[in-house]
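Biologist: I would like to learn how to read salt bridges, a sheet and a core in a model. Please take them one by one.

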Amino acid sequence: MTVLFDKMQLTPVSQPSRAGIVYRSTKTYDHNEGLSCCFRQWRASHSHCQQVHGYALAFRFVFATHTLDENNWCLDFGGLKEVRAWLHEVFDHTVLVAADDPQLAEFERMAGLGLMNLRILPAVGCEETARFVHMHVGKMVKAETDGRVWVESVEVSEHGGNSAIYQEHWNSEPSI
């Protein structure tokens, strides 16, 4: 076994990988995670999606690094407790409305009456939700790993048939 190991010329633990090499790991919070929320996509005037409707969302993250940690891991999944808590805060029994929704004042009024847990996002829809989550979780992961790991992509799934992915392509380490 030692001979095989030596011939492979494996990179020592916690050392940068060869040029162009990226290690990836994934984390999924499935539909059974309890991230049930409602959306209103006011711009979808041609569709019933302009009405309030809900899903049990699922999220799939792809994390990437050029350098593994001392455990030979891209990312310690135990360090994602804050990410999970944030996902529940934003998407568990909440109503998501775009900041430019013409009915925003009405949603805020209903939230003030205790009828909903309102979350105002820059934009609503799976694609923009994936982008929003990517930006927020990207900052969390960068802080947790001192910039060693970045979020390569986020997939948001409404159900088994519909999902959207937000991914940024990097020529070098990201600036998140």
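Biologist: Are Arg40 and Asp101 buried or exposed?

Modeller: Buried means under 20% relative accessible area, exposed over 50%, and partly exposed in between, with a 1.4 Å probe and protein chains only. Arg40 is buried, and Asp101 is buried too. This is a predicted model, where local features need pLDDT of at least 70 and side-chain atom pairs count only at pLDDT 80 or more, while totals for chains, interfaces and linings use all residues. Residues are numbered from 1 along each chain as its sequence is written, and side-chain values use heavy atoms, leaving out hydrogens and water.

Biologist: What do the side chains of Arg40 and Asp101 form?

Modeller: A salt bridge is a side-chain nitrogen of Lys or Arg within 4 Å of a carboxyl oxygen of Asp or Glu. Arg40 and Asp101 form one, at 2.8 Å from N to O. Helices (H or I, at least four residues) and strands (E, at least two) are DSSP runs, numbered from the N terminus. Arg40 is in strand β2 and Asp101 in the loop between β5 and α3, 61 residues apart.

Biologist: How many salt bridges are there in the whole structure?

Modeller: The search finds six. One of them joins Glu152 to Arg24, with the closest N and O atoms 2.6 Å apart. Glu152 belongs to strand β7 and Arg24 to strand β1, so this pair ties together parts 128 residues apart in sequence. Glu152 is buried, at 11% relative accessible area.

Biologist: In which order do the four strands of the open sheet lie?

Modeller: Two strands pair if DSSP finds at least two bridges between them. The order is β3-β2-β5-β6, with mixed pairing. β3 (53-56) and β6 (118-121) are at the edges with a single partner strand each, so one side of each has no neighbour in the sheet. β2 (residues 36-40) and β3 are antiparallel, over four bridges; Cys38 has Gly54 in β3 as its bridge partner.

Biologist: Which residues touch the most other members of the largest nonpolar core?

Modeller: In soluble globular proteins, nonpolar side chains tend to be buried together. A nonpolar core is a set of buried Ala, Val, Leu, Ile, Met, Phe, Trp, Tyr and Cys residues joined through side-chain atoms within 4.5 Å. Here the largest has 33 residues, and those touching the most other members are Phe59, Phe61, Phe63, Leu87, Phe91, Val133 and Val137. Helix α4 (126-144) gives the most to this core, six residues.
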